[in-house]
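Dear colleague,

I am handing over the structure below, together with some notes on what came out of it. Please read the notes with the coordinates open beside you.

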Amino acid sequence: MYGSTGKVLRVDLNKGKVWDEALDEAVLRKFLGGTGLGVKYLVDEVDPKLDWSNPKNIFFLGSGPLGGSRIPGSASITVVTKGALTNGLTSTQANGNFGAYLKWCGYDAILVQGVSPSWKYLYLHEGGVELRDASHLVGKDTWETEEAIKAELGYKERAMSVFSIGPAGENMVKFSGIFGDRGHAAAHNGVGAVLGSKKLKAFAAARVPSKLQFVDPEKIGELAK
């Protein structure tokens with residue numbers, strides 16, 4: 001499937017488990033991009049009567065069909081969830097590198113469900129995916145969190161993309177966002193509070209060699225210029 005990895009990374013924080021879920025080409029064509037796919041999952045899996053902080057609320061972070069290509073701005077991400085401020089369907093975007101690194105790590109999206117018994121962060125790299133302890137990161141702001149994770153894992157500045165919540169998200173402030181790559185923000189409708197309710201501090205994706213395929217890479221290069 002050109003422009004797609006064909007996979008969603010599922011994360012069950014209740015059980016501390018991660019696994020791959022295959023994406024059907026028909027679904028990708030019908031529900032276009034990170035927003036389309038995220039809304040599909042939210043409508044399919046979350047009862048609209050549930051409160052935003054309910055463990056059954058999902059947190060979807062996705063990239064679109066141009067993610068990981070040479071098109072400027074295509075490394076952006078979409079977050080879809082039931083938001084804290086309105087308790088309604090939310091879609092919010094952020095720039096940065098995470099969308100490209102996510103695709104290069106082998107996933108079109110991450111879908112988080114449940115609540116962790118202790119603070120965690122999610123680490124994607126060439127060798128796989130890990131849920132790691134984040135207790136030492138609690139109380140840090142998003143710049144401090146980004147620096148600490150890169151130092152802990154041994155990555156230089158642009159070799160990893162980190163999106164995280166700060167103290168506002170940890171304390172479920174209803175207008176808190178998630179921030180990454182030195183200040184890019186998914187800022188609308190309290191998506192940071194949703195992560196805080198799940199005790200997930202951050203997402204970290206390493207920059208790895210891309211295995212994405214496109215129909216006409218040379219034409220994409222021309223359009224990028």
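Does M172 count as buried, exposed or partly exposed, and at what relative accessibility? M172 counts as partly exposed, because its relative accessibility is 37%, where buried means under 20% relative accessible area, exposed means over 50% and partly exposed lies in between, with a 1.4 Å probe and protein chains only.

Before going further, please note that this is a predicted model, in which local features need pLDDT of at least 70 and side-chain atom pairs count only at pLDDT 80 or more, while totals for chains, interfaces and linings use all residues. Residues are numbered from 1 along each chain as its sequence is written, and side-chain values use heavy atoms, with hydrogens and water left out.

As to the whole protein, there are seven helices and 12 strands, these being DSSP runs numbered from the N terminus (helices H or I, at least four residues; strands E, at least two). For 225 residues a compact globule would have a radius of gyration near 17 Å, and the 16 Å of the protein agrees with this; the radius is taken over C-alpha atoms, and the globule rule is 2.2 Å times the number of residues to the power 0.38. Along the principal axes, the C-alpha atoms fill a box of roughly 45 × 40 × 30 Å, and buried residues make up 52% of the 225. Of the contacts (heavy atoms within 4.5 Å) between residues at least 6 apart in sequence, 64% join residues at least 24 apart.

To return to M172, this residue sits in the loop between helix 5 (167-170) and strand 10 (178-180), and has a positive phi of about 60° although it is not a glycine. Most residues other than glycine have a negative phi. R182, in the loop between strand 10 and strand 11 (184-186), likewise is not a glycine and has a positive phi, of about 65°; its relative accessibility is 27%, so R182 counts as partly exposed.

The loop between helix 5 and strand 10 also holds V173, which counts as partly exposed because its relative accessibility is 26%. Leaving aside residues up to four places away in sequence, V173 touches A168 and A193, and its C-alpha lies 9.4 Å from that of V194, 21 residues apart in sequence.

Finally, the buried residues of helix 2 (residues 33-45) include G33, L37, Y41 and K40.

How values were computed: Expected span 1.5 Å × (residues − 1).
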